[in-house]
Amino acid sequence: MESANGNSNCIQRRPEMMNDGGDPLKWKAAAELLKGSHLDEVKRMVEEYRRPVVRLGGETLTISQVAAVAMRGAAEITVEVAEAARGGVEASSDWVVESMKRGTDSYGVTTGFGATSYRRTKQGGALQIELIRFLNAGIFGNSTESSHTLPHSATRAAMLVRINTLLQGYSGIRFQILEALTKFLNKDITPLLPLRGTITASGDLVPLSYIAALLTGRPNAKATGPHNEPLGPSQAFAMAGIETGFFELQPKEGLALVNGTAVGSGLASIVLFETNILALLSEVTSAVFAEVMQGKPEFTDHLTHKLKHHPGQIEAAAIMEHILDGSSYVKEAQKIHETDPLQKPKQDRYALRTSPQWLGPQIEVIRASTRSIEREINSVNDNPLIDVSRNKALHGGNFQGTPIGVSMDNTRLAIASIGKLVFAQFSELVNDFYNNGLPSNLSGGRNPSLDYGFKGAEIAMAAYCSELQFLANPVTNHVQSAEQHNQDVNSLGLISSRKTAEALEILKLMFSTFLVALCQAIDLRHVEENLKASVKNTVSQVAKKVLTTGSNGELHPSRFCEKELLKVVEREHVFAYIDDPASDNYPLMQKLRQVLVDQALANGKDEKSLSTSIFHKIGAFEVELKALLPKEVENARSEMENGRPMIGNRIENCRSYPLYKFVRGEAETNFLTGEKERSPGEEFDKVFSAICDGRLIDPLLDCLKEWNGFENRNRDRLTFFNASANFVYFSGSIANSNLICM
């Protein structure tokens, strides 16, 4: 039978049934889950994200499933709870009720809360009602311009994660409450939770209390329906088809609902699903950057990265190597480097050459954080824990959300580092001092004096990057002692998740801008190639007409100049002169003249005769060229604009083509010029919307569909963490170890 990941008929094991398999501390299980490539992990996440059903069994929930329920909505995905979990859940609920009847003293059941747990009561139900009342301390700011409401996607994620935790049967809550929460999810009914007010220690108490408020029908509780319409508790229950009426909480049930880390870990799951995809995108865009910058692919050589030993770096380099292998741009650039090795520096700058070394550690951090959060969303984080098998309530601190705070701080730093690389690459791309012949600002129009291309975008990118670097600062070192110094250390998990979500949005803005810029550069290389061909043809035509013969039809010494003239055209950057190609002030005409002057000086005594003088040919050559060249350049440009280029776009013969096709086709962006009314921001917005809608995923994976986890040059399988290694990253999900699947 299937596992609970996909997933049905899974029976929860009790601790006494568990076999640790020689791995009591779970380090081996953590290491095992980091085997294989990051690309394979992303593919698995995407496949899980797209499944129509998420079946909760308590211990096998993944971040991609959380993201799916949070972001896709009830119209596309259904949540089911495992009936097999009912017995364990009800047993812990019954134990709480019976223990109270027996006079057992348990925290949050017969005692007060936190620093005032020295208080006692026998009114267990009333205590839970008061718990929810005093925790409803959030501010929504409904009458102000700013909203202080948690996004619906994060609330849906929190509900799913909390159901998953409670299904494990250690929390003392009735199964029918979990069924009610599931109905809310499946009917797209979402409680309104405050954005702020939790320190994620003793759980996300304040926001989760508003879910409890809706379940109990508190008059201040609010929700929204599938069309974002406002709902009160009665309307929400009716729309969800919950016929039992509002719940009267039994002892501990209020505590079970609020005493967990589900809001922080739920939002972290959404963030990490998207972060993993953007991390993969950064590897592919780095390769595209190398293509349009005429970079040297040597930086991806397998030996360089094997000698560094870091698996994230090895994989990043292998992916870039795969994209660049056979690239039409790389082949053409190699010819340029061999023909004129002094045209550019021996080595590319760091944003290109060290991109695998830069991205590798970020990917390792993101993978580690992903596994840490997957463990958290499958953990039991109540206090006390109800151990029916030993007939006791265990008082501890699993509600401390430190894995969330630490993982999100680390992820946010990785996001900021990826953003810094994107900004560095973008800055090189738009700067004609560094971009190997592309126009300043990537201006695409005929008149650079009236076309400033991506200049505004570069300013915006600097703003994005600055804010992103600020957000990279840690949250978890800003802990304040809370709740009468009972919660004197606390994780700040949700705050860190929120800041990481902000960082992720900024990274999307940066990638949206960068992707359009890369496609602009690709199209400019296409323009460059076609216009250069037109210039070469024209220079050759004029040289043959003017320089081949003398006035009487005899062969002229200047006929030998054609080869050198064409070398000038080949070596001169097109965009340095193309807006006025026949101008004496631009380098093309100056260097063509210099070729003829040099040949004349070498012509010796023949220069004394008008019939053999090369000097006397210079004027005629320039007059003819100036008359013909502007017309031919404009014709070539017009043919391109009408979809009839002389030379096709090289990108169509590259593995990165699906990404270009996504930006130009799926997102429907256009080549930007100052001659058109459309602004850059309008094009960036299209790509941003496409990224947010998930339309980037398939084109991104399509770029790597032929990569099988091998390095191209020696076919050695990539080396990742091994469970027997002396050093491993301690992240991964150990969920499957606690299930018997039938």
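Trainee: Where is the place of Asn391?

Mentor: This is a predicted model. In it, Asn391 sits in the loop between β7 and β8 (392-394).

Trainee: What is phi of Asn391 near?

Mentor: The general idea comes before the case. Most residues other than glycine have a negative phi. Asn391 is not a glycine, yet its phi is positive, near 55 degrees.

Trainee: Is Asn391 buried, partly exposed or exposed?

Mentor: The relative accessible area of Asn391 is 47%, so Asn391 is partly exposed.

Trainee: Which value does phi take in Ser202?

Mentor: Ser202 is not a glycine either, and its phi is positive, about 65 degrees. Ser202 belongs to the loop between β4 (190-191) and α8 (205-216). With a relative accessible area of 12%, Ser202 is buried.

Trainee: Which residues does a cis peptide bond join?

Mentor: Again, the general idea is that most peptide bonds are trans. The bond between Asn383 and Pro384 is cis, with omega about -5 degrees. Pro384 lies in the loop between α16 (355-377) and β7 (385-387).

Trainee: How should I read a pair of helices, and at what angle do the axes of α6 and α7 cross?

Mentor: Start with the angle between the axes. Helix α6 (residues 152-166) and helix α7 (residues 175-186) have axes that come within 10 Å and cross at roughly 155 degrees. Angles over 145 degrees count as roughly antiparallel, and α6 and α7 are therefore roughly antiparallel to each other. The crossing of α6 past α7 is left-handed.

Trainee: Which residues in α6 and α7 meet?

Mentor: From α6 come Arg156, Met159, Leu160, Ile163 and Leu166; from α7 come Leu178, Leu181, Thr182, Phe184 and Leu185. Sorted by class, this contact has 8 nonpolar, 1 polar and 1 charged residues.

Trainee: How many residues has the largest nonpolar core?

Mentor: The largest nonpolar core has 191 residues. Phe184 and Leu592 are among those with the most contacts inside this core. Helix α19 (residues 493-547) gives the largest share, 25 residues. As for Leu592, its contacts include Val539, Leu565 and Phe621, not counting residues up to four places away in sequence. There is also a second, separate core of 6 residues, including Trp95, Met100, Val109 and Ala393.

Trainee: Which residues is Ser106 in contact with, leaving aside its neighbours within four places in sequence?

Mentor: Those contacts are Thr111, Ala393 and His395. Ser106 is in the loop between α4 (86-101) and α5 (124-135). Its relative accessible area is 4%, so Ser106 is buried.

Technical notes:
Residues numbered from 1 in each chain as written. Predicted model: local features only at pLDDT ≥ 70, side-chain atom pairs only at ≥ 80, totals over all residues. Heavy atoms only, no water. Axes fitted to C-alpha atoms, helices over the stretch in contact; angles between N-to-C directions. Helix = DSSP H or I, 4+ residues; strand = E, 2+ residues; numbered from the N terminus. Parallel < 35°, antiparallel > 145°, perpendicular 65-115°, else oblique. Left-handed = near helix turned anticlockwise from the far one by under 90°. Contact = heavy atoms within 4.5 Å. Nonpolar A, V, L, I, M, F, W, Y, C, P; charged D, E, K, R; others polar. Core = buried A, V, L, I, M, F, W, Y, C linked by side-chain atoms within 4.5 Å. Buried < 20%, exposed > 50% of the residue type's maximum accessible area, 1.4 Å probe, protein only.
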